[in-house]
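Let's walk through this model together, one region at a time. Keep the sequence and the 3D view side by side as you read.

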Amino acid sequence: MVMNAPASSNAPSASNTNLVYAGFWWRVLAYFLDCLILVPVFVVIMVVAGLGMHFAPPVPGQATTLPFAVLWAPRVIMIVMFWLYFACLESSNWRATVGKRICGLMVTDINGA
């Protein structure tokens, strides 16, 4: 992952010379911004799908155990949703997720391509 940096006047004119590696905290900030986008979407999907009921407090007189599928479906949906979000956006022409774009980061290979 690299960060756009201003090109110096004495640097060679190759297209990847003005890129520097992003630091740890820039990456954390980008991930945090991506989570600010993904988590509310995940919660809405779970509530609409009816699988968000395990977030609600237990009602007196009702059984507190939930079926296995109801307990694990949100976790599987969240993993797939995060995977698709990162895989699709980082492999697109953007070469970055929304959080990475906000932070000025992009995903490249070792040659900057």
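A polar contact here is a pair of N or O atoms within 3.5 Å; within protein, one must be able to donate a hydrogen and the other to accept it, and residues adjacent in sequence count only if both atoms are side-chain atoms. With that in hand, look at T97, whose side chain makes such a contact with the side chain of D34, at 2.6 Å. Please bear in mind that this is a predicted model, where local features need pLDDT of at least 70 and side-chain atom pairs count only at pLDDT 80 or more, while totals for chains, interfaces and linings use all residues. Residues are numbered from 1 along each chain as its sequence is written, and side-chain values use heavy atoms, with hydrogens and water left out.

Now step back to the whole chain. It has 3 helices and 3 strands, and from the N terminus on they run β-β-α-α-α-β. Helices (H or I, at least four residues) and strands (E, at least two) are DSSP runs, numbered from the N terminus. Of the 113 residues in the chain, 24% are buried, where buried means under 20% relative accessible area, exposed over 50%, and partly exposed in between (1.4 Å probe, protein chains only).

Let's return to T97. This residue sits in the loop between α2 and α3 (98-103), and it counts as buried because its relative accessible area is 0%. Leaving aside neighbours within four places in sequence, T97 is in contact (heavy atoms within 4.5 Å) with D34, Y85, F86, L89 and E90.

R95 is found in the loop between α2 and α3 too. Its relative accessible area is 26%, so R95 is partly exposed. Its backbone deserves a look: R95 has a positive phi of about 60° although it is not a glycine. Most residues other than glycine have a negative phi.

Next, turn to helix α2 (residues 68-90), where V76 has its place. V76 is partly exposed, with a relative accessible area of 49%. Together with L71, W72, V80, W83 and L84, V76 forms a nonpolar patch on the surface, with about 580 Å² of accessible area in total. Accessible areas come from the Shrake-Rupley method with a 1.4 Å probe; for residues, only the protein chains shown count as cover.

Note on methods. Patches are made of residues with over 30% relative accessible area and no salt bridge: like charges are joined within 9 Å, nonpolar side chains (Val, Leu, Ile, Met, Phe, Trp, Tyr) within 5 Å. A salt bridge is a side-chain nitrogen of Lys or Arg within 4 Å of a carboxyl oxygen of Asp or Glu.
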